[in-house]
Amino acid sequence: FAHGLLVPLLAGGGVCLWYSAQLKRQPIADVMAMIVWGVTMPLCGVPLAQMIGLGGALALQLGLFSGVFECIQVMRDADADKLEGLRTTGVVLGQKRTLLLTRFLMVSVTVYALLVLHPIAALISAAALVVPFRINQQEAYWTRVKLVYGIAWLVICAIVYFTGHSQGLLWSIAR
């Protein structure tokens, strides 16, 4: 049990501290750090032996969600970050290219869910791609995307809970 907590503590906690100290100011690294954080922190609930199996597969989905959320956040905060002299992904890429990166990650979320977790979860997560984006309503966009991914996550959890395994088109991973 204690050994399994070392992974999220060192990797997740470490990347969180590193993000706050340095990575927040490094374009692309800020987004990648939140993907790593999003993968490693949920592993505190996964036995060490299952981190490569279903627990790790579920954590990777959460990490991809985190990447999308970070992209939206740095896009939303770009003006304030620029005034403070921070070089985040949102500042360096600008809104259009950061939105393109966000969409790429959204497609990755959906493809991963389709291949590894369940086609229904993929269909739900694909709905995030059609959430309307408006320049002055980024907070609402962020909230709506989180809602879509929250519903997709509930579906994934229900499928795994009731069936005991994922049911992706490419892989099915048992508990």
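Which residue's side chain meets that of D77 in a salt bridge? Select R76 and D77 to see: the side chain of R76 meets that of D77, with N and O 2.9 Å apart. This is a predicted model, and the tour below starts from that pair.

**Stop 1: the salt bridges**

With D77 included, R76, D77 and E139 are linked in a network of salt bridges. A search of the whole structure finds 2 salt bridges.

R76 is partly exposed, at 25% relative accessibility. E139 is partly exposed as well, with a relative accessible area of 42%. Side chains of opposite charge can pair when their charged atoms come close.

**Stop 2: α3 against α7**

Now select the whole of helix α3, residues 54-76, together with α7, residues 138-163. Two packed helices are described by the angle between their axes and the distance between the axes. The axes of α3 and α7 come within 10 Å and cross at roughly 175 degrees. An angle over 145 degrees counts as roughly antiparallel, and α3 and α7 are therefore roughly antiparallel to each other.

To show the contact, display side chains. On the α3 side, the residues include L54, L58, L62, F65, F69 and I72, as well as M75 and R76. On the α7 side, they include Q138, E139, Y141, W142, Y149, W153 and V160. Colour them by class: this contact has 15 nonpolar, 3 polar and 3 charged residues.

**Stop 3: M75**

Stay in helix α3 and centre on M75. Is M75 buried or exposed? M75 counts as buried, at 4% relative accessibility. Leaving aside neighbours within four places in sequence, M75 is in contact with G90, Q95, T98, L99, T102, F133 and Q138.

**Stop 4: α5 beside α7**

Select α5, residues 89-117, and keep α7 on screen. The axes of α5 and α7 are 12 Å apart, and the helices pack at an angle of about 10 degrees. That makes α5 roughly parallel to α7. From α5, the contact takes in Q95, L99, T102, R103, M106, V109 and L117. From α7, Q138, Y141, V145, Y149 and I156 take part. By class, the residues of this contact divide into 8 nonpolar, 3 polar and 1 charged.

**Stop 5: α6**

Move on to helix α6, residues 119-126, and pick out its buried residues: A121, A122 and S125. Seen down the axis of α6, these buried residues fall within an arc of 100 degrees, so they line one face of the helix. They pack against α5 and α7.

What is the angle at which α6 and α7 pack? The angle is about 175 degrees, and their axes are 8 Å apart. α6 and α7 are therefore roughly antiparallel to each other. In this contact, I120, A121, I124 and S125 of α6 meet V148, Y149, I151, A152, V155 and I156 of α7. The residues here divide into 9 nonpolar, 1 polar and no charged.

**Stop 6: I28 and T40**

Select I28, which is in the loop between α1 (2-21) and α2. Most residues other than glycine have a negative phi. I28 is not a glycine, yet its phi is positive, at about 70 degrees. I28 is partly exposed, with a relative accessible area of 41%.

T40 is buried, with a relative accessible area of 8%. Show what surrounds T40: apart from neighbours within four places in sequence, T40 is in contact with P8, A11 and G12.

Note on methods: Residues numbered from 1 in each chain as written. Predicted model: local features only at pLDDT ≥ 70, side-chain atom pairs only at ≥ 80, totals over all residues. Heavy atoms only, no water. Buried < 20%, exposed > 50% of the residue type's maximum accessible area, 1.4 Å probe, protein only. Helix = DSSP H or I, 4+ residues; strand = E, 2+ residues; numbered from the N terminus. Arc of directions from axis to C-beta. Contact = heavy atoms within 4.5 Å. Axes fitted to C-alpha atoms, helices over the stretch in contact; angles between N-to-C directions. Parallel < 35°, antiparallel > 145°, perpendicular 65-115°, else oblique. Nonpolar A, V, L, I, M, F, W, Y, C, P; charged D, E, K, R; others polar. Salt bridge = Lys/Arg side-chain N within 4 Å of Asp/Glu carboxyl O.
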